[in-house]
Amino acid sequence: MTAHPDRTVLRGGRVVDGTGRDSRDADVEILGDRIDAIGEVAPREGDDVVDCRGRLVMPGFIDAHAHADGAVFRSDVQLALLRQGVTTVIGGQDGVSYAPGDGVWASRYFAAINGAHPTYTGGGVAELLRTYDETTPLNVGYLVPAGTVRHEVMGMATGRADAAQLTRMQRLVADGLDAGALGLSTGLDYVPGIFADADELAQLCAPLARAGALYVTHMRGGYETNTAAGLQEVVAICAPGAAHDGVRGHVSHLHVDADDAGLLLAEAAASGADLSFDMYPYTRGCTLVSMAVLPPEYSAMDVDEAIARLSDPAERARLRDEWFPTVAHKPSLGPDWPSMIRVGHTPAKDWAWAPGRTLAEIADRRQTSVEEATLDLLVAGRMEVNAVMAVRDERPVENLAQLFAHPGHTGGSDGIFIGAVPHPRAWGAFGRFLGTYVGRSFTWEGAAVHLAARAAERFGLADRGMLRSGAAADVAIVDPAAVTDAATYDDPQQPVRGIDDVFVNGTHVLRGGGLTGALAGRGLRRSNQTAPLSRTAAPAGTS
């Protein structure tokens, strides 16, 4: 028989298919970009045969929350993600990204989170998705960012949207969905999303409800002790009510004690809200330094205006005397905030020594107050400064494990790839899910559900997330005895160990732990042709 020119056989591995059913010893046949068969497959002359003995053949993982929108074109970022077994990232998060519009405002505001896109200059969601077609070894899905939509229509206006503005914003959301966006995202602690009330957000969700797309939210209020209030707003938007029929919802990077989360999520489900969530396996966060330590109005300013104000001695005195004392009373920080905020990135060349140091350490080196050192840092970096944020009470592994076992959980890294000393979650999250939480939160079969299948179902990626005949051949080959994360807070850019071979759309993009150079990724467009997983019970193997 003549060999297929694009036939690959994954030989002798143990297939964990993402359905939650028991794994089994089987070969996997890939023809072109699709899985053709799973079972006993006889190799033919000319086949690419990959020896998978002793390894698990799993669906490629889907990072449900990643800030790789612009960074995915970098080879170091590609390697970081593929070594985690990630084959798809979901961008457009937290309400801020490039499209719609020309991307200039989003690139400036989220310079320390998403960075700039190397080629996109406008054209909307359709054009942005095209920039990911065969230009990177990973797939990229995209959410219409509500903050960007509001900025396109209202700029930085703080008031409520009027009827005409709401109609224009709804049209931009609908256009994005028609172009293939997977849903809508909000960032309700960022501007201008912080100015939108629940009624405005619910109206922006009307196109989602019609399309069956997903509402994804960075909730209002900073999580932890404010999670209950944030979830109440999500329920008001998502649960069926007198004003609307409801919309499926997804909470970004959930941060809360496991017992509290269980109760709050149960209450949300009882209200009729169809919710899922992502959460990364670390307790420290990462955000913009300006957002953590400056008054909220600074986020709404043009960069030049903010720098001018922060350079004014009178304004500095006001901040030092009136504002910074309030930072010490923030629930997420407290009086130890100078030692809890560790700089990850600044573009200022004269401050290249600062990443990896806390604000307290920076102040000591400059022999000045921490308030003055922080303002100097922001001015020098033109506000483009991010930091890893410690927490006052780090929850133990057992507490996180309880949350990851929840049937609504999907894997997400919240990975930020900007900076010399970034948060290790960008390089290690999925390795930690596998190396630390298999056996605690889920079995290997359950890991495939939590890290691939459930995200595919929630985001409307019908042909991904499972290994089955006809599905897109996104495959991660995992050594269960060796897989672990190596990235740490001190040395965060270390790749995961134990995942050396990955296929994206049937192409071997990671071989022997290294990039092959193949650019098989695509901008993924939403599909409604997926059978949902049960909302009332976890699939087999999840705990």
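**Close-up views of pocket, cavities and a helix contact**

**View 1. Lining of the largest pocket in the predicted model.** The lining of the largest pocket comprises 20 nonpolar, 13 polar and 10 charged residues (Ala, Val, Leu, Ile, Met, Phe, Trp, Tyr, Cys and Pro count as nonpolar, Asp, Glu, Lys and Arg as charged, and the others, Gly among them, as polar). The model is predicted: local features need pLDDT of at least 70 and side-chain atom pairs pLDDT 80 or more, whereas totals for chains, interfaces and linings use all residues. Residues are numbered from 1 along each chain as its sequence is written, and side-chain values use heavy atoms, without hydrogens and water. A pocket is an open set of points on a 1 Å grid over the protein atoms alone, with protein on both sides within 12 Å along at least five of seven lines; a cavity is a set where a 1.4 Å probe fits but cannot get out; lining residues have an atom within 4 Å of a point. The volume of the largest pocket is about 1200 Å³, taken as the space filled by probe spheres set on the points, which are joined across faces, edges and corners. Of its 43 lining residues, Asp189, Gly221, Gly222, Tyr223 and Ser332 lie nearest the centre. Strand S15 (285–288) and helix H10 (289–293) each supply at least two lining residues, and S15 gives the largest share, 3 residues. Helices (H or I, at least four residues) and strands (E, at least two) are DSSP runs numbered from the N terminus.

**View 2. The largest cavity.** The model has 2 cavities of 30 Å³ or more, and the largest holds about 50 Å³ of space. Among its lining residues are Ala146, Arg150, Thr186, Glu200 and Leu204. Helix H4 (146–154), strand S11 (183–187) and helix H6 (198–204) each give two or more residues to this lining. By class, the lining has 4 nonpolar, 4 polar and 2 charged residues.

**View 3. Contact of helices H16 and H17.** The axes of H16 (residues 397–404) and H17 (residues 425–437) come within 12 Å and cross at roughly 105°, so H16 is roughly perpendicular to H17 (65 to 115 degrees). Axes are lines fitted to C-alpha atoms over the stretch in contact, and angles run from 0 to 180 degrees between N-to-C directions. Val397, Leu400, Ala401 and Phe404 in H16 meet Phe433, Thr436 and Tyr437 in H17, with contact meaning heavy atoms within 4.5 Å. These residues divide into 6 nonpolar, 1 polar and no charged.

Key:
Parallel < 35°, antiparallel > 145°, perpendicular 65-115°, else oblique.
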